[in-house]
Amino acid sequence: MDAKTFDYVIVGGGSAGCILADRLSESGRFRVLLLEAGSADKSMWLRMPLGFAKLFYHPKYNWRYQSAPQRELAGQRVYTPRGKVLGGSGAINAMIYVRGQREDFDDWAAQGNPGWGWDDVLPWFKRVESHHAGDSEWHSGSGKIHITRDPVHPICESFFEACNALGHRANDDFNGARLEGYGVYDINTRNGQRDSSCTAYLHPAMKRSNLDVQTDALVERVLFDRNRKATGVDVLIKGRRQNFAARREVILCAGAVETPKLLQCSGVGDAALLARHQIPVVHHLPAVGQNLQDHLCASYYYRANRPTVNDEVRHLPQQARAMFQYLFKRKGIFATTVKAGGFLRTSVEEKAPNVQLYFNPLSYVLPESGGMPRVEPYSGYTIFFAPCRPTSRGSITLTSADIQAPPHIDPNYLSTEHDQAEAIAGSKLVRNLAATASLKRVTAEEVRPAAAVSDDASMLQFFREQSGSIYHLCGSCAMGSDTERSVVNSQLQVHGMTNLRVVDASVFPNITSGNINAPTMMVAEKAAHMILESAAA
Ligand SMILES: Cc1cc2nc3c(=O)[nH]c(=O)nc-3n(C[C@H](O)[C@H](O)[C@H](O)COP(=O)(O)OP(=O)(O)OC[C@H]3O[C@@H](n4cnc5c(N)ncnc54)[C@H](O)[C@@H]3O)c2cc1C
């Protein structure tokens, strides 16, 4: 095999790509190339948990996309951060680790995807994690990514009491027997540092001589032979075009925004769309870029009558002290992320929890123009909520045959009556929590939206104007058996093509009920197994 030929070429070194690079190179039998458009993960902000705030608009590590104007969100564009670095979005995310609920995956299986029901995927979730509780029916203590749970700020207890007062149940493990309830989130950190698929899988694997990792390598297109077999890729490495051949497979792990765009730029997508951009059609596959989904979320801001984390970080000397504490003990506010929350039903008619809550003992604003978050100048906390299973569906489409042009991202947020009703129901739930004796006891006032929101209409209007993405884009190359409505089969092979798979969040047929990094990594573990099985056949 020459220096430019590999068994597997993996495009995108994000949450999924790093796992594949490790697993496919593990046996030493295969030569593996990982191509990542972003750079190496050298900054300390990528390791420090609170560094995610610094990375939110970081020009070097973040693609910093904007959605198309959203009709149902008062015409606003929605900021859409995506990781552009080894580790991908998993290197810049907020580290909340949630698998989702049984029904999410059983619905995947029901959509023509045998092998993806909850009982099928549980072993692959376990394979990802080294869980703080060790081995059990639900967990593994010997996987690669450390899953931890830290103590919460005392004011979180008032939130728990509020949930209890409304009749909700406590849940001491969202990743255990059930998702429903209130409690403390698991996070993927190790010794006070981010533990991602990059740090836990890729870094140790990079010592292997059969794994090549190229950063600053933007894949422009997948190359095919006449029989629609993927044979390699064209890549711009530091601006110079090169190509690499794949003897076995090209595996796309560029994420829910870039994978569909790359397929389209390579001639796989809706024929009419490709024709508009003078791209020769390799295969008409209309579902490429369709079925895009995301979680929208809105925040309620409160002034507390006692100290919150705001008081620990508002002033420079406090920040310096906190940094010192982090650097020497890996503890304190810089080792933190949102920790308390829950998955609740907004009414007894709901069959499953339909709203995810986050309780943050810190209130801050992310300036729209970029830069660091601005901590509010009072003792504050926020409650924010996101409907779990929105039914709005959007799309990703290329805007040019040039891979460097940003795609048209149209999540089509809040476009169904179901989603609008849940925006109102979620707001009512937050208000009901705030009205309990336990939260009232620690609260001076609601700062925002306060009197501006009083009934269903103003709740919906508030959500239209103030909600934003919680960055869980997925579904844009969905798995399924119907070639009109899906892009990959249950083996994650692109319909109608040979030697080409998609392995990232774009294959989700439907969004899961919580944060989606854990399910994305589960998909990668399961896919690696499938790929190695087909290599052995
Ligand atoms: C700010 C933020 C906060 C989040 N918080 C959480 C959270 O707390 N918990 C949670 O569960 N989820 C969270 N998420 C979501 C989660 O991190 C992502 O859904 C997940 O990482 C997606 O993984 P992926 O492998 O599909 O794509 P990514 O991890 O995004 O990886 C795609 C990679 O491909 C590279 N790439 C793209 N195009 C090309 C190309 N043409 N050539 C070469 N390389 C390319 C990209 O640079 C990137 O590194 C968050 C996301 C963001 C952005």
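## Nonpolar cores

A nonpolar core is a set of buried Ala, Val, Leu, Ile, Met, Phe, Trp, Tyr and Cys residues joined through side-chain atoms within 4.5 Å; buried means under 20% relative accessible area, exposed over 50%, and partly exposed in between, with a 1.4 Å probe and protein chains only. The model is predicted, so that local features need pLDDT of at least 70 and side-chain atom pairs count only at pLDDT 80 or more, while totals for chains, interfaces and linings use all residues. Residues are numbered from 1 along each chain as its sequence is written, and side-chain values use heavy atoms, with hydrogens and water left out.

The largest nonpolar core holds 91 residues, of which L492, L500 and V503 touch the most other members. Helix α14 (residues 517-536) contributes the most to this core, with 10 residues; helices (H or I, at least four residues) and strands (E, at least two) are DSSP runs numbered from the N terminus. Beyond its neighbours within four places in sequence, L500 is in contact (heavy atoms within 4.5 Å) with V222, F224, A230, V250, L252, L263, L492, Q493 and V494. A second, separate core of 38 residues includes Y302, F359, Y381 and F462.

In α14, 15 of the 20 residues are buried, and the helix is mostly covered. The end C-alpha atoms of α14 are 29 Å apart, which agrees with the 28 Å that its 20 residues should span at 1.5 Å a residue; the expected span is 1.5 Å times one less than the number of residues.

P519 belongs to helix α14 and counts as buried because its relative accessibility is 0%. Leaving aside neighbours within four places in sequence, P519 is in contact with V98, R99, F105, F125, F508 and T512. Helix α1 is largely enclosed by the rest of the structure, since 11 of its 11 residues are buried; among them are S15, C18, D22 and R23.

## Ligand surroundings

There are 37 residues around the ligand, and S15, E36, S89, I96 and N517 come nearest; a residue is counted when one of its heavy atoms lies within 4 Å. Polar contacts are pairs of N or O atoms within 3.5 Å; within protein, one must be able to donate a hydrogen and the other to accept it, and residues adjacent in sequence count only if both atoms are side-chain atoms. A side-chain N or O atom of S15 is 2.7 Å from an oxygen atom of the ligand, and one in the side chain of N93 is 3.0 Å from a ligand oxygen atom. For V85, a backbone N or O atom lies 3.3 Å from an oxygen atom of the ligand.

Taken alone, the ligand exposes 1000 Å², of which the protein buries 98%; accessible areas come from the Shrake-Rupley method with a 1.4 Å probe, and for residues only the protein chains shown count as cover. The elements giving two or more residues to the shell are α1 (15-25), β13 (217-224), α7 (255-265) and α14. The most come from β13, with 3 residues.

## Backbone exceptions

Most residues other than glycine have a negative phi, and most peptide bonds are trans. A cis peptide bond joins R448 and P449, with omega about 0°; P449 is in the loop between β26 (443-448) and α13 (456-466).

N412, although not a glycine, has a positive phi of about 55°. N412 lies in the loop between β25 (408-410) and α11 (417-434) and is partly exposed, with a relative accessible area of 30%. Y471 also has a positive phi, near 75°, and lies in the loop between β27 (468-469) and β28 (500-502).
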